[in-house]
Each structure stands twice: as C-alpha cells, then as structure tokens.
Amino acid sequence: MAHSEHIRQGIKDLSPILPGVIPFGLIVGVAATEAGMDVAHAVGISTIVFAGASQVAAIALIGQNAPVVVIVLTALIINARFLMYSASLSAHFAGLSIPRRMFAAYLMTDQAYAFSITRYQGTEMTAPEKMTYYLATGLTMWVPWQISTIVGAALGTGVPDEWQLDFAIPLVFLALLVPSIRDRADAMAAATAGFLVVVAAGLPYNLALPIAAVAGIAAGVTFERREPA
Amino acid sequence: MIAAIGAGTFAIRFSLIALSGRSDRFPAAAQRALRFIPPAIFAALAAPAFLMPDDVIDVSPDNLRLLAGIVASLIAWKTRSVLWTIVSGMASLWILDAIL
C-alpha cells in the first residue's frame, strides 16, 4: 500500500469521531475564557499541551487560582496514561528517526493511539507505514481541535455570565468520570476521591485535590486486591 | 506554566516511544495504579462543583447544580457522550433555575 493510502485510511478511520471531539474543543475554548484566560492563552494551551481532559482541569484550577505546582501535577497525572501508549507504540515504530517519533509523541491522543494500535493488529505494515497512518490520525485530531478551541474562545468572550457556562467545566469532568467507572474498584476509587476532596476542601493550596486523587487511587488498588476479579 | 504542562506531557508521551521497541511491557504494579487515575482524578475534580457549589457542602434539593448533575450523570451513563452530558446538565440547570 502506498503511503498516500495510509494517509487516506487514517483520516477516514478517525473522521467519524470528530463530531464528538469538536464540541469538546469548543467547550475548552469557552471554559478558558470563563476562567479569565484570553484567546491567545486558550489557543496556547491547546497547541502546547494538546490533551483535552488535562486542559480542562488546568483551566478549572487556573480559574480557582490554584498554585502552579498543583496545576502542573494534576495535568501530568491526568496525562500519565500516555506512558502506556508510549510504551505500546515504541514497538511499532522501531528504527524510525527521532524527529519523526517526537512528532508522533506530540500528536499522541487516546483516539490516535486507539485507532492506530487496532489498525496494526495482524497487518504486515512496515514501521514507516504504521507511522504514516498514525500521523494521519493524529493530525485529523489536531486540526479540528485547534480550530474549535479558537472558535470556542472567541465565542466565550461574548457570553453573558447569567448563562452560568462555568457549569460546563464540571459537567465535562462528569462526562469523563461516568464512563471511566467500569467496576466496583473504579467506583471505590471515585467515591473515595469525591468524598475526600469535599471533606478536605478547607486545606490551603488546593491540597485537597492531589490528596483525594492519590487516596482514590490507593482505595481502588486496595479494593481490587481484595476482590479477585 | 502552560509550557511546564506541555513539556511534562511531551516528556511522558515521548519517554517510551523514544526507546525503540526494547520492551513494550509495562510494569504490572504501575499499570494497576494507572487504571484508577481517571475515576479518582475526575471524581476529585468534579465533586466540589456539585456537592459544594457555594463552598459549603449542600446535599439538599436546594442545590440546583447537584440536581442538574444527577440528570447529567444519568445521561452520561446512558450515552457516554461528552456533548449530551453537557447539554443535559446545562439544560437542567437552566430549567431548574427558571422554575424554582
């Protein structure tokens, strides 16, 4: 298969999910302005970080004037899953140049990873062909994401406060939370974290957040160990 | 600060992809903890807005954001759609605000 075929396939495979991605990008743009960021910063966070869930979290915490350390750590914890994708993809990109792999790393998203790794199953694709496919999916995510962030940020500045659009931010977290709970251990992790963050809310420097998150993870791991799957 | 998040995230993404295929096995213990990150962190991020929107814990029916959140949770569970969760949550809040 020629490389152009892989490009076309990548775009074709990923496009159906774009209707779900674009509203998310719009929300990120709007949320950024709701948190007091200007359009340039909103765009900056989408281009420099390019990871939706962590962007929304960072934006929410910026709006709460959380300490920089907490914001950065929270964002990195949310993005920790990319470690697994990184490990998984490295096997497929053997022998390819460092610059190309850096580009691949930058474009890494759940979706580009998921589609690519599925595509690679049982195929005879060479490493360069796999990279081409992956980059096509990555860029198909990247372009609409940036555009929708810009549009969201531009629109967001014109929205009146009475609309309570700031509520969209916790709704995004809820939308990410509910599907992430697949079994009782997950539920235990979520319940522990949710409970603790509220109980410990009086702590300074937004410490309730990392404490609750770590406790939630610990609770999940402990619960899982007791309950044979 | 955004640069720090960007740099850190890039480092995470690049870290293992850089080690070309030496081993794509990920330590089991880390993997076990990793899967609880989404439920824990999203719950920690979401909970205050619904349970204490005015910085005081309020689980009464007076807390419209909590009620709207319950509706949104059901929609999230049924549709698994970010879009519909947000739409239903916002719509519920506006409707409750208007009626009550």
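Let's start at one helix pair: helix 10 of chain A (residues 168–180) packs against helix 5 of chain B at an angle of about 135 degrees, with the axes 9 Å apart. The axes here are lines fitted to C-alpha atoms, for helices over the stretch in contact, and angles run from 0 to 180 degrees between N-to-C directions. That angle makes helix 10 of chain A oblique to helix 5 of chain B; under 35 degrees counts as roughly parallel, over 145 as roughly antiparallel, 65 to 115 as roughly perpendicular, and the rest as oblique. Helices are DSSP runs of H or I with at least four residues, strands are runs of E with at least two, and both are numbered from the N terminus.

Who does the touching? From helix 10 of chain A come A:Ala168, A:Leu171, A:Val172, A:Leu174 and A:Ala175, and they meet B:Val82, B:Thr85, B:Ile86, B:Gly89 and B:Met90 of helix 5 of chain B. Contact means that the C-beta atoms, placed from the backbone, lie within 7 Å. Sorted by class, this contact has eight nonpolar, two polar and no charged residues. Nonpolar covers Ala, Val, Leu, Ile, Met, Phe, Trp, Tyr, Cys and Pro; charged covers Asp, Glu, Lys and Arg; the others, Gly among them, are polar.

A word on the source: this is a predicted model, where local features need pLDDT of at least 70 and side-chain atom pairs count only at pLDDT 80 or more, while totals for chains, interfaces and linings use all residues. Residues are numbered from 1 along each chain as its sequence is written, and chains are lettered from A and ligands numbered from 1 in the order in which they are written.

Now zoom out to the whole interface. In total, 57 residues of chain B are in contact with 72 residues of chain A. On chain B, helix 1 (2–18), helix 2 (28–34), helix 3 (37–51), helix 4 (64–79) and helix 5 (82–99) each supply at least two residues of that side. Its residues split into 41 nonpolar, eleven polar and five charged.

Chain B itself has five helices and zero strands. Its radius of gyration is 19 Å, well over the 13 Å that the globule rule gives for 100 residues, so chain B is more spread out than a compact globule. The radius is taken over C-alpha atoms, and the rule is 2.2 Å times the number of residues to the power 0.38. Along its principal axes, the C-alpha trace of chain B spans about 60 × 30 × 25 Å.

Terms used
Contact = placed C-beta atoms within 7 Å.
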